[in-house]
Amino acid sequence: MLARQMMLPRLALRTMHTTSRLSGGQEFYWGPEKAAGRELVGYGSNGDNIYQDRLDYWYPAIRFRKEDSVIAPIRAKEQADWKNLSAEEKKLLYRYSFRQTLSEFEAPTGYWKVITAVVFSVLGLATYYAVLLNVYVYPELPPTFQNEYKEAQVERALVLEKGNFLGAPTHYDYEKQKWK
């Protein structure tokens, strides 16, 4: 991918892509090993001869591309008045100096869709596993979980604790068989 970008100007390649340039897993940092032949244009973020796309420091120390036969005549025209340059030549100059525009760098990559798909897949598999366990593995619930059993248990407790003057029996009317 990188070799193809170096052969053709980025303006021509940009029209062929429908997704963001960041979604291809490309690099944002080029160390000194890739700096050979590139023009040193500034100090950079830390003084090293590296190209790095960063939001907090948008001025790399070296140009993005090496100077070749395509850009050399435009660089010569650049030394004169900029009014003589066309809009396409200005864009090409920019593309040789920087990898991306700020809007391209901040563009969403669509990676949230992958994360969402993984999260929902895991939730779906966990739900399927829980249902499978409830249907085929776990035994039936004991009768103590049924409402009739719980109500009978409360009635037995009220009968056994009829003479108490503290607790639940004080809130139960034994003559009407209802709670007060």
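Start by selecting Glu 78, which sits in helix H3 (residues 72–78); helices here are DSSP runs of H or I with at least four residues, strands are E runs of at least two, and both are numbered from the N terminus. Before going on, know that this is a predicted model, where local features need pLDDT of at least 70, side-chain atom pairs count only at pLDDT 80 or more, and totals for chains, interfaces and linings use all residues. Residues are numbered from 1 along each chain as its sequence is written, and side-chain values use heavy atoms, with hydrogens and water left out.

Is Glu 78 buried or exposed? Glu 78 is buried because its relative accessible area is 18%, and buried means under 20%, exposed over 50% and partly exposed in between (1.4 Å probe, protein chains only). Show its contacts (heavy atoms within 4.5 Å): setting aside neighbours within four places in sequence, Glu 78 touches Leu 85 and Leu 93.

Now click Ile 74: apart from neighbours within four places in sequence, Ile 74 is in contact with Leu 85, Glu 89, Leu 92 and Leu 93.

Next, jump to helix H6 (residues 111–137) and pick out Phe 120. Phe 120 counts as exposed because its relative accessibility is 57%. Color Tyr 111, Val 114, Ile 115, Val 118, Val 119, Phe 120, Val 122 and Leu 123 together, and you get a nonpolar surface patch with about 780 Å² of accessible area.

While you're there, select residues 114–137, which UniProt (unreviewed entry) lists as "transmembrane region". That span is 100% helix and 0% strand, and its end C-alpha atoms lie 33 Å apart.

Finally, zoom out and color by secondary structure: the protein has seven helices and four strands, in the order α-α-β-β-α-α-α-α-α-β-β. Of the 180 residues, 24% are buried.

Conventions
UniProt positions are given in the numbering used here, feature names are shortened, and annotations may be inferred rather than shown by experiment. Patches are made of residues with over 30% relative accessible area and no salt bridge: like charges are joined within 9 Å, nonpolar side chains (Val, Leu, Ile, Met, Phe, Trp, Tyr) within 5 Å. Accessible areas come from the Shrake-Rupley method with a 1.4 Å probe; for residues, only the protein chains shown count as cover. A salt bridge is a side-chain nitrogen of Lys or Arg within 4 Å of a carboxyl oxygen of Asp or Glu.
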